[in-house]
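The following exercises concern one protein chain.

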Amino acid sequence: MAHSPVVRSRSSRVAGLVGIALVTAAGASCREPEPPPARKEIRLTTGTPGARFHPLGQALARAYAAALPMLDVRLLDTAGSVANVEALERGDADVGLSYADVAYTAYVGGLDGRQASFAELRGIAVLELAPVHLVVRAGSKIADPTDLRGRRVAVGPPGSGSALTAEIVLRALGIDASAVDVEPLKYNEAAAQLAAGTIDALFVNGSDPVDSVRASTLAGARILPLGGPAIERLRHDYPFFRPAVIHGGTYPGHPAPIRTIGVDNLLLCRRGLDEATVHDLTQQFFAQLPSLSILSGLDLEQAPATPIPLHDGAARYYRERELSR
């Protein structure tokens, strides 16, 4: 039986379409697979061993690597807070850790006597309150912070937040810088010298437990409280300092709580980092908090309250968080 021209024409079109599909599929199977998108490098500043920023930076890098595989997080070990905000301002780092006093002083101008504002700094989150530890060597007759006159005092390496805090505290106590023999030592080195008796005292900021403070107290060093009228005046003049307590039993030989002052540590970034990346970093920071046991003191309600402006990406995350409640 002869097929009508209409049927033949329709059959030909179907066959042609099938052939095209087969050729297309064959071509697709022979094509090279699309390369994965390039990973974006994020440079994260930390600090020197013996203080808090070093292990905190390592923990953050591990958390981000697990949550954001498209990012290549590279750790930059620096001297601490001052060096970190300098690296962010220069564009040599993307994300960094700093103490609130350093970040605020840098942002408004006046860090290390420089009047220029660090306009590139932006906030991501307030992490936790870091007590100020004033540690004196075993057998020392130093009973009060005012006894530091004429003593050798380690204040952390140049570029650290502890050095700036020590300067502010000594000035509040009426102790001129020339009246103290300041030693700009790395924290673990300072702890070793304190144990050896070659320095008299050590200032270090850090959320407990701090490695260098633990090493010092194991060798018999004592932690002195920071309080009284002079410290109250300091808190009035520098509102980023808050009352803090080093809990009893945290360090060897210190079963009772020790009252001191503390300053918040912050997660910062540079202003030029794109909004989407900072949003992801902020979102995943909070998503990964259960794995960041080192940050047990973080207050979720206070996290957005950085003393400098938030980055737009971080601000967007906090707005979304409020809307989702």
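**Exercise 1.** Determine how the reach of helix 5 compares with the expected span.

*Solution.* Helix 5 covers residues 161–172, which is 12 residues. Helices (H or I, at least four residues) and strands (E, at least two) are DSSP runs, numbered from the N terminus.

The model is predicted: local features need pLDDT of at least 70 and side-chain atom pairs pLDDT 80 or more, whereas totals for chains, interfaces and linings use all residues. Residues are numbered from 1 along each chain as its sequence is written, and side-chain values use heavy atoms, leaving out hydrogens and water.

**Exercise 2.** State which residues of helix 5 are buried.

*Solution.* Buried means under 20% relative accessible area, exposed over 50%, and partly exposed in between (1.4 Å probe, protein chains only). In helix 5 the buried residues are Gly-161, Ser-162, Leu-164, Thr-165, Ala-166, Ile-168, Val-169 and Leu-170. In the protein chain, 48% of the 325 residues count as buried.

**Exercise 3.** Describe how helix 9 and helix 10 are placed relative to each other.

*Solution.* The axes, lines fitted to C-alpha atoms over the stretch in contact, come within 7 Å and cross at roughly 50 degrees. Angles run from 0 to 180 degrees between N-to-C directions. Under 35 degrees counts as roughly parallel, over 145 as roughly antiparallel, 65 to 115 as roughly perpendicular, and the rest as oblique; helix 9 and helix 10 are therefore oblique to each other. Contact means heavy atoms within 4.5 Å. Among the residues that make the contact are His-279 and Phe-286 of helix 9, and Tyr-317 and Arg-321 of helix 10.

**Exercise 4.** Is Gln-284 buried or exposed, and which residues does Gln-284 touch?

*Solution.* Gln-284 lies in helix 9, residues 275–287. Its relative accessible area is 18%, so Gln-284 is buried. Leaving aside residues up to four places away in sequence, Gln-284 touches Tyr-64, Ala-67 and Leu-68.

**Exercise 5.** How many residues does the largest nonpolar core have?

*Solution.* A nonpolar core is a set of buried Ala, Val, Leu, Ile, Met, Phe, Trp, Tyr and Cys residues joined through side-chain atoms within 4.5 Å. The largest has 79 residues, and Phe-285 and Phe-286 are among those with the most contacts inside it. Strand 4 (residues 121–136) supplies the largest share of this core, nine residues.

Terms used: Expected span 1.5 Å × (residues − 1).
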